[in-house]
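Below is a short briefing on one structure. Look at the sequence and the 3D view, then read the points by topic.

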Amino acid sequence: MKLAMLLFLWQASPVSIKAYDTPNDAGGSITITWELDSSWVVSRIEIYRTQDLNAPDTLIETLFKPETQFQDLGVTDKKPYYYKVLIYQGDTLVAEGRTTEPAISTQQWFNSRRLSVLIILLIYTAFLLYFIMRARVDKNLFIRKIAGLEAIDEAVGRSTEMGRPILYIMGLGYISDIPTVASLAILKRVAYKAAEYEADVIVPCYDPIVMVAAQETVKEGYIEAGRPDLYKESNIYFLTSDQFGYAAGVDGIMMRQRPGAVFLQGYFYAESLILAETGHSIGAIQISGTTAVTQLPFFIASTDYTLIGEEMYAASAYLSRDALSLGTIKGEDYIKMVLVIIILIGSLMETFGIGNHMLINFFNIF
Amino acid sequence: MKKEIPLAITFISGFLLVLALFIPHKPFGNLEEIFNDWYIIVSGFTMLLGIDSLLEYNFKKIRRKEKDAPYSLVLILSFFITLIWGVTEIVRTPEHNPFSPTSTFSKYFYNSIFMPLQSTMFAILSFFIASAAYRAFRAKEFNSALLLVSAVIVMLGRIPLGQGAAPYVITVIFLVFAWYFYAESVGITETGTKLLYILVSVAFIALIYPIGWVYLKQHIPSFADWIMNVPQMAGKRGIMIGIALGGIAMSIRIILGIERTYMK
Amino acid sequence: MTEFFKKLAGIDRRIIYLTVFLATAIPILTKKTMKIEPLPEVKKAYEYIESLPESSIVMVSIDYDAASMPELQPMLETFLHHAFRKNLKVIMLGHWALGLPLGQQALEDIAKKYNKIYGIDYVFLGYRPGVAAVIINMGKDIKSVFSSDYKYTPIDSLPIMRSVKNYKDIKLLFGLEAGAVGDAWIQYGYARYNLPIILGTTAVMTPDYYPYIQANQVISVIGGLRGAADYETLVEIPGQASIGMLAQSVIHLVIIAFIIIGNIGFLVLRRAKK
């Protein structure tokens with residue numbers, strides 16, 4: 001029997017295995033790696049673990065594919081572990097390996113794979129802070145004309161002349177979505193102008209939290225214009241949280257109440273064209289804005305003015321002319337130029353076959 | 001203090017979440033999940049707010065006997081019927097699920113009313129796309145003519161009949177453009193410009209056969225793919241980079257308290 | 001004459017809608033299918049599924065609702081036919097609560113055709129809120145998210161789930177996407193756990209996923225009704241998508257015709273103004 005065991009073990013080749021603390025994690029994990037010979041037809045790999053080299057091993061995992069790595073998630077931090085790997089071809093053990101050094105799992109304080117993200121974020125923040133500080137001194141920072149935002153006053157005015165209300169649609173975003181926050185900034189401006197012209201602003205909402213924020217925003221707009229008496233909370237209401245139910249409801253509002261100006265500002269999905277085309281059919285002036293790239297073509301085709309992507313984000317700075325906000329827009333533009341240069345350099349390097357360069361590794365964060 | 005406390009909460013939570021992206025060590029590593037869970041719980045309760053707003057608005061319309069009051073009545077009745085029916089099926093069915101196969105809610109409401117209504121709303125898009133395309137794809141200038149031709153090529157490239165129809169469509173489009181440039185040239189007196197317009201017109205006619213009947217007849221699906229994978233992708237990536245940068249700037253403005261429109 | 005071209009440039013919306021209705025309805029009512037040459041992306045998806053060994057476990061995520069049903073339901077049904085024919089085991093779940101009944105109906109109907117047994121060959125887990133949290137936690141342990149199936153049966157008692165702990169045991173995720181959940185699957189499922197993913201998307205969302213195909217973060221994407229029809233052709237089970245191809249072809253040609261007519265009217269009027 002012992003001879004048979006010895007013969008059995010004698011057939012198994014040694015295999016080098018490494019066990020180490022899984023990097024860039026919150027602990028509780030050890031990674032074990034080993035090598036496979038290409039001549040082996042691996043049927044199964046057994047992985048054993050022990051906390052003491054003199055204690056028996058416990059089988060923790062059996063793999064049925066020729067893998068070369070395993071992550072053990074059942075370990076406790078700061079405790080030493082030793083591993084043994086047995087590789088089988090059919091029922092025959094072809095290789096065996098054991099670690100002699102203990103592997104200890106710990107939590108890391110920094111995810112080194114995200115170093116590139118941190119560097120870019122710090123550079124970007126530095127640009128923004130620099131321009132914010134510059135804006136405190138030089139309050140006349142130039143920002144180009146954005147046609148959609150310039151047209152807000154005209155749209156509200158025309159709607160008032162026609163004796164029709166203004167419809168403001170905030171899309172399908174939640175308050176946690178940045179386009180929704182940007183939309184609130186534009187809503188405030190619209191409410192302010194509507195208060196000046198004594199027009200009604202109707203805001204059907206997709207989300208209850210957004211409804212509350214919109215009510216406060218419109219109220220602020222009316223108060224700033226000096227007409228808090230004209231504010232009607234019942235004009236800003238929750239409609240439904242169903243996408244096409246919302247589209248149907250808003251279309252119904254458009255057909256019945258015939259607004260003179262329709263604002264479509266926020267995050268939209270497939271219902272964008274339904275809303276825009278219905279708005280066009282009633283002859284309203286339409287100003288749209290979204291960061292949903294797939295919906296932009298529909299808005300550009302169906303509405304009079306479109307705020308494309310980041311133009312929506314610039315709206316609050318553009319409309320308020322607040323120096324600090326304008327500073328962030330400037331910073332954003334400068335960092336975009338930096339990114340353009342990096343993209344150009346990377347493209348040229350790829351085009352001329354300069355492989356495995358620093359830029360590829362730098363941006364490899366996942 | 002009314003403004004300072006919310007701003008402080010915004011700053012601390014925003015900063016912590018940014019830190020959590022880089023620090024796997026507990027408690028930072030799990031922060032995103034924890035905050036997400038809190039948001040889901042809170043937003044569940046805010047649905048009550050929404051329901052209150054919806055019912056109050058529509059009840060008011062009925063009370064005041066406004067012009068659209070019948071629609072409000074339909075809405076309120078639908079709301080309560082759906083709610084009561086769904087709850088009844090939760091109690092009644094063995095799986096305690098209104099969408100189980102034995103449920104009348106699933107059979108008569110979901111399959112017969114809800115599903116057809118939702119599909120219909122999505123299907124309405126086809127009509128609107130046709131009218132929007134008819135109105136928007138006009139060759140007012142070079143950019144819009146390019147957009148028009150690209151749209152036609154992609155539409156043809158995506159359908160099985162595309163390869164058969166492409167030569168005829170390209171022939172018609174190029175003939176229209178050729179006629180237009182020739183007609184424009186008639187009214188021009190300056191020789192150089194006149195010749196240029198006539199050349200462009202002739203070029204359109206000359207290109208009908210090689211482009212329409214040779215190249216696109218064979219390759220329109222792959223050319224449509226190229227339009228989607230190369231120029232379309234490039235433009236979209238550019239816009240997406242801008243949106244991402246704008247989003248970061250906006251987020252920093254919110255975290256630092258420069259942007260306050262979301263709060264009172 | 002100018003009046004005629006004015007009419008061409010300004011056709012009444014209702015005429016356009018009526019033409020679109022007829023151009024869509026008549027081909028669908030004839031129920032004719034067309035010969036289709038499948039797109040390379042769909043072929044790639046098909047070949048990957050074909051290469052999966054028998055008894056491999058695949059996961060299907062229902063992330064759409066009734067609005068996107070015409071495009072995505074044929075994809076789901078074809079995939080289920082494909083999977084059951086190859087004796088793959090199917091785990092179905094979803095992130096859109098209102099779309100899950102659609103997935104469940106298809107799963108039960110098609111499983112019955114192949115004499116598949118619930119709990120052994122397929123299972124329906126249902127819905128849990130919190131998209132990112134669900135995807136991340138399933139990567140560690142599926143049981144931590146779904147301790148029971150939709151009938152409240154503990155999943156430990158289901159034979160199919162005994163050999164499944166997390167994504168390492170899932171050979172493929174087939175996600176049917178009408179919204180943003182596809183991005184979450186890629187950002188969390190693929191990026192953290194190397195989960196192989198094939199996505200079926202609506203036509204309007206398909207361009208959003210091209211960057212992922214190019215970066216090899218997904219195996220492939222089956223896009224829109226055309227993608228569904230291609231997949232039906234490859235699996236040799238013509239269904240609703242194949243019937244819809246004739247209608248789609250006709251309506252595309254009708255829209256192109258309207259565009260050309262509109263441009264003729266527009267250009268003639270522009271010349272007349274000059």
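Chain C is divided into domain 1 (2–31 + 248–273) and domain 2 (40–238), with bounds from an automatic or database domain assignment. The centres of these two domains of chain C, taken over C-alpha atoms, are 40 Å apart. This is a predicted model, in which local features need pLDDT of at least 70, side-chain atom pairs count only at pLDDT 80 or more, and totals for chains, interfaces and linings use all residues. Residues are numbered from 1 along each chain as its sequence is written, and chains are lettered from A and ligands numbered from 1 in the order in which they are written.

**Confidence in chain B**
- The average pLDDT (the predictor's confidence in each residue, from 0 to 100) of chain B is 89, and 99% of the residues score at least 70.
- Within chain B, helix α2 (residues 31–63) has the lowest mean, 87, and helix α3 (residues 69–92) the highest, 93; helices are DSSP runs (H or I, at least four residues), numbered from the N terminus.

**Two helices of chain C**
- Helix α4 (residues 69–85) and helix α5 (residues 100–113) of chain C have axes that come within 10 Å and cross at roughly 35°; axes are lines fitted to C-alpha atoms over the stretch in contact, and angles run from 0 to 180 degrees between N-to-C directions.
- Residues of α4(C), including C:Leu76 and C:Phe84, meet residues of α5(C), including C:Ala106 and C:Ile110.

**Chains A and B**
- In chain A, 57 residues are in contact (C-beta atoms, placed from the backbone, within 7 Å) with 49 residues of chain B.
- Helix α11 (residues 323–351) of chain A supplies the largest share of chain A's side, eight residues.

Note on methods
Two residues are in contact if their C-beta atoms, placed from the backbone, lie within 7 Å.
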